[in-house]
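Hi everyone, thanks for coming.

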Amino acid sequence: MLQIGSLQVSFEQRSIEKDGVAVRIGARAFDILEVLYRANGAILSKDDIMDAVWPGQIVVENRLQVHIAALRTLLGVDRDLIKTVPGRGYLLIAKVAKASEAPKTPNTASTANTSITPQTPTTPDKGEAPAHIATATSLALPALRLLVEPPIGRAVEIGQLLERLERSPATTVVGAGGIGKTALALHVANEWHSRSGRAICFVELARATSDDAVLALVADALKLPADDGRRHADALYDALAGSGCLLVLDNAEHVIDVVARLVEALLVRNSSVRVLVTSREALHIRAESVLRLEPLAVPEPGLATQDMLAYPAVELFLCRARSLAMACAADEKSIALAADICRRLDGLPLAIELAAARVATLGIEGVASRLDDQLDLLTGGLRSALPRHQTLRATFEWSYALLDAPSRILFRRLGCFTGPFTFDAVCAVATEPGMSITVVVSSLGELTTKSLLNVEFHGSIATYRLTGSTRAYAMEKQRDEGEVNVIASRHMRYMRKRVEENRLVIAEGGQDGTDLSTRLSLDDARTAYDWAFSENGDPAQGVALAGALVGTLLDASLVHECFERSRRALDRLDTLPAGSVDVVCEMRLCAACASTLVYVGENVETALSLWQRVLRLAQAARDDAFTTRALWGLWNTTLSVADIHASIRYATRIQQAAEHGDSRSKRLLAGAMLAISLHCFGEHEQARERLEYAVAALGETGPENASCGMPGMEPLIFCNGTLARIAWLQGKPAHAMQLVEASLDPARRDTLEPTLSHLLATVAVPVALQCGDLQAATRYLALLRSQVATHRFAIWEDYAQCLSVQIDLHCGVDAASALERLEPALQRLVARGFRRVIASFIVSSAEALAHAGRFAEAAERLDDAIKRSESHSEYYFLPELLRAKGWVELQHARSLGRAAHGERTQREAQARRDLHAAMALASEHGALTWKLRAALDLAAHYIDSDEPAQAVALLAPFDALVDLGSPAPDIQRLVQLRQRPGALVAPAAPGARTRGLHASIPDANPEQDSTQALRPKMSTGAR
């Protein structure tokens, strides 16, 4: 039996005796006594006791109190052995011995009032010291070992603290609430004890409110009786100084002055004393060494799963979540969501643990989707934890209550800042007129000292930032005070002013050489924008802010966001009174919306009307820069809708305007724009000469060259891209691939968008495929799809789908299944009005239809495309459309039986006319590849019709014009066709050339307008 006070207890036989007489007690009271005994001297919360004694039942707290009272009555004079710890629970501190034996003589390290010696060490809950660590007396502190798991991710800090305890008498661990100061201090105290053998005195100061209360808690930790004279301050200091213990003072921020005096008094008495303090601010005493505890490291977005798992924040989240729901976070998606949650919680351990605890109820996706309301979500901490560690809101309430009035005002108003901000921003947004700088500086210092505000130094300049959780609490207090709209209005005006004065720098840390005061957070601008268009916002100011912001979004390749914000601002602008914003703002918004809507999947025709609006406004305001910008937009958009004649008109107007300016780079750019239109017009040789001249000259002038400030136009990149397409058309596939690489290198290095996607879609993938480099085409397509997914480019998503089908067709995929994938994407492109370089997809669909025996549909589709090309002067692809029309006629004729001999003959004759027309037009354009492709179809027909001499005569000239060793499919087909029986063609004489294959294009000065050379060069056979 065990002796507890005057009671002899046998838990095995469930019996109690007092003075040798058996006593009766209720079963629940007996269970409670056993639970308290089994706790080995640890504090048990009321919930812990009720869960153990009434498992699975709902029990009112009064029932527990009744049984505790019964036990105390039974103990009689020893009733105080069951102690009530306010706010935390109950503790059994009775002396225990075997009743059948005489009590052993206490060892020299014990006292008559020693509490139950722990037999099975327990791991302390967050924010709570294990009861048996606080059992020391001031005379001889017991050498107790506590096995505490090291806090996750704190190995470095543990080592630093142990080192500091060796050389510094007082060390303070400083950090924000919930960052893990207590858990770290407990583990380090245990390690210190293990290494030195010195005892530990742990004092929890959360309940202290005065000098006397602090001293009383220290005395209680030393187990000094209430009437002991050593509780007097000086005597207590002497006792501590003489004990040689490690004194741990936990949660000292609210009594920081008292603790500072206590520590200084101890160090005066004994310099070998070691004190470890945890607080949200430092003691600021001479002997103090401060370790500032930072949040746990979190992974950057986009890392591999294994790399994410190496970060301590993710490790903590998964460890806590899996302790409650073992099967959670077992897949890559869940781990990625866990990493995102940790990032959004800024690596704060308490917030991470509270979020992880919710996984058992909501799942990881549910927690991630509700983090915007983290103050309400992050509750339900461990029952044994201190109240302020059971919810995130309570943690901040504790810190907020310690602030003086000016600091509270400043703190809650700083909640409007989403990212880093400067002192000037604080003064502009968070202060009142007349508030002295001294007060502002003092309050910022107060917030920083109490770990509510993070400060970073960049040279001589300081920037400030609130963590996401802290900002959420600040905004809650701001709402409570009814200040949200006032502060939001100030914030929006400040952001607009700063964005207009200095373009936002989005990258963290800003650009080299940029003054730090101009490095503003894009998230702050977004916050201001969202408020301006909210119910209580200021839409006129929001429109003005959007006009200033769109340039930054385009610079950052945030095309989709730029479109959405500019369109919303324009919609609101049209409802405001005239003159609400200036004309420059309106032009910026129109230009931004027009230049981005193409990529996000809106109808391209809308861009034309917006650019016309910009042009009207610019001309009325006599704004030459915006006039040029509008003409550029109109030129680019007319190319997108394949209205080549209109694009030439706009390019010519830009060139004429550039001729009157003093910028050579703008003249070169205008010439390059005209050359690109000429290429689409079919004037490939003239376009090549102009573009090569522009590339050489722009390379000399450097990056100031130009793009009129518009997205999608990087001159050197697009010049080289167009030259690559021309090189392929002129039968030079190897040179074409070299130019593709030359155009892609700078684009991939700088990750430009939408330039990169445009180049990949319209040049790199199709040219690589047509040049026979299937591996490069596949690689470029994968990159295109990655960019499309990242930036949500609907137009290029459909384009990529069409390109994918073409690659599959090249690899021999069934035409019917290819057509099933090709048709919807092609129809979406056409429905949006986007027709830039999509004729090859029309040809692929027509050929697939013909393979499926749907000849009438194939012919109709090609006829429509031919008519459109002729009406819009899009002659670049016309020879290929004519060739495809002839090929479809041949397939149709071949499918006819002997009974339809007349129709078959007619279709073959029509096919020959189409193919000859395609060859003639290709010769006129200088498009050797188009001519070769048509000739190959016609030669194959001649061979099948037993006319090999015709095939020989048709193909012979190409031997001297192409590299027969090229992997380009058309050239390989030429080689294979010559090897067919009856079609062996003797090689042409070395050096032979057929000048008729190329159009005779007059020389032109690339910097002069050459409108005389822009006439359509149509064969009479073309329809």
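First, some housekeeping. This is a predicted model, where local features need pLDDT of at least 70, side-chain atom pairs count only at pLDDT 80 or more, and totals for chains, interfaces and linings use all residues. Residues are numbered from 1 along each chain as its sequence is written, and side-chain values use heavy atoms, with hydrogens and water left out.

Okay, the whole chain. It has 42 helices and 14 strands; those are DSSP runs, H or I for at least four residues for helices, E for at least two for strands, numbered from the N terminus. Of the 1023 residues, 56% are buried, and buried means under 20% relative accessible area with a 1.4 Å probe, counting protein chains only. Now contacts, meaning heavy atoms within 4.5 Å: if you take those between residues at least 6 apart in sequence, 68% join residues at least 24 apart.

Now find helix 39, residues 901–925, and helix 40, which covers residues 928–944. How do we describe a pair like that? Two packed helices are described by the angle between their axes and the distance between the axes. Here the axes come within 8 Å and cross at roughly 155°; axes are lines fitted to C-alpha atoms over the stretch in contact, and angles run from 0 to 180 degrees between N-to-C directions. The two helices are therefore roughly antiparallel, the label for angles over 145 degrees. Residues making the contact include L915 and M919 of helix 39, and D937 and L938 of helix 40.

Let's stay with D937. Is D937 buried or exposed? It's buried, with a relative accessible area of 4%. Its side chain makes a polar contact with the side chain of R883, at 2.8 Å. A polar contact is a pair of N or O atoms within 3.5 Å; within protein, one must be able to donate a hydrogen and the other to accept it, and residues adjacent in sequence count only if both atoms are side-chain atoms. Beyond four places in sequence, D937 also touches W887, among others.

Last stop: the serines. Most residues other than glycine have a negative phi. S557, though, has a positive phi near 60°. S557 sits in the loop between helix 22 and helix 23, and is buried at 10%. S873 has a positive phi of about 60° too. You'll find S873 in the loop between helix 37 and helix 38, buried at 8%.

How values were computed: Buried means under 20% relative accessible area, exposed over 50%, partly exposed in between (1.4 Å probe, protein chains only). Angles under 35 degrees count as roughly parallel, over 145 as roughly antiparallel, 65 to 115 as roughly perpendicular and the rest as oblique.
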